[in-house]
Amino acid sequence: MNILDKIVARKREEIAFSKSKISVEELKNSEYFGRETFSLKESVQARNGIIAEFKRQSPSKGIINNQVSPLEVVTKYEEFGASGISILTDKDFFGGSFEDILSVRNSVNIPILRKDFMVDEYQFYEAKSIGADVVLLIAACLSPTQVQELTALAHELNLEVLLEIHTEEELEHFNSEIDLVGINNRNLKDFKVDLQHSVNLKNLLPKGTLSVAESGIYNVEDFKFLKEKGFDAFLMGEYFMKNENPGNKFKEFVDVII
């Protein structure tokens, strides 16, 4: 069983437990369920295109930074021009929680992506209830039919969808309702990074698709390479989070690329 399979298996256990504790109706009564969401599609075109991530740890890197709070980091991301915020909510493998989104929702006015392994409709009601604007669908975890059905549910809840793919076969998961397509530079099964592979895959997307380069962007040169190849947005976390002050690191990066 590879790491992705392990994560998904554990996620299904978490979902079953959550369902036994909190009903969908209770989620619908939450403070944020009725809020008007922000559009990531609009924001990546209006700002610098960077979806800056708050991430404490990962299976491949271990602890990245567990000394800073979401609030002190993401408010700086917004201040210095980020188009959106990505926040990991997986606990066991990434050290995240719903509280990481809840603690910042009222302090930023740009879209928040709930980054997690979304495999059940229940999770979409959770995402809406904690104030997320966007959800991630990972093609490697889902069938094309599931992607289509979950995208429809997301849109019913006024959530945008970022579909993540890594292989040419996963292009079958794309449908015209998808808001943005993320191409993971890192293979989730072995965690190897290949930027050229991502470029090749991007070139197979339908014309006009908003494309997001995800993960494995380790320096300014990587960013510029991907931008020159036509990517519209860039999901970056580790590059900033491994610094003791991620917000300042983000500002330094933005000052160089502008």
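1. A quick definition to start: a pocket here is an open set of grid points with protein on both sides within 12 Å along at least five of seven lines, and its lining residues have an atom within 4 Å of a point. Please keep in mind that this is a predicted model.

2. Let's begin with the largest pocket, which has a volume of about 320 Å³. Its lining counts 17 residues, and those closest to the centre are Glu14, Ser18, Thr89, Lys91 and Phe98. By class, the lining of this pocket holds nine charged, five polar and three nonpolar residues.

3. Which helix gives the largest share of that lining? The answer is H1, with seven residues. Helix H1 spans 3-21, and helix H6, spanning 121-129, also supplies at least two residues.

4. The second largest pocket holds about 150 Å³ of space. H1 and H6 turn up here too, each supplying at least two lining residues. The lining is made up of Phe17, Ser18, Lys21, Ile22, Leu27, Phe98, Tyr122, Glu126, Ser129 and Ile130. Six of these residues are nonpolar, two are polar and two are charged.

5. Now for a helix pair: H4 (residues 70-79) and H11 (residues 246-257) have axes that come within 8 Å and cross at roughly 20°. Angles under 35 degrees count as roughly parallel, so H4 and H11 are roughly parallel to each other. The crossing of H4 with H11 is right-handed.

6. The contact residues comprise four nonpolar, one polar and one charged.

Note on methods. Residues are numbered from 1 along each chain as its sequence is written. This is a predicted model: local features need pLDDT of at least 70, side-chain atom pairs count only at pLDDT 80 or more; totals for chains, interfaces and linings use all residues. Side-chain values use heavy atoms; hydrogens and water are left out. On a 1 Å grid over the protein atoms alone, a cavity is a set of points where a 1.4 Å probe fits but cannot get out, and a pocket is an open set with protein on both sides within 12 Å along at least five of seven lines; lining residues have an atom within 4 Å of a point. Grid points are joined across faces, edges and corners, and a volume is the space filled by probe spheres set on the points. Helices (H or I, at least four residues) and strands (E, at least two) are DSSP runs, numbered from the N terminus. Ala, Val, Leu, Ile, Met, Phe, Trp, Tyr, Cys and Pro count as nonpolar, Asp, Glu, Lys and Arg as charged, and the others, Gly among them, as polar. Axes are lines fitted to C-alpha atoms, for helices over the stretch in contact, and angles run from 0 to 180 degrees between N-to-C directions. Angles under 35 degrees count as roughly parallel, over 145 as roughly antiparallel, 65 to 115 as roughly perpendicular and the rest as oblique. A crossing is left-handed if the near helix is turned anticlockwise from the far one by less than a right angle, and right-handed if clockwise.
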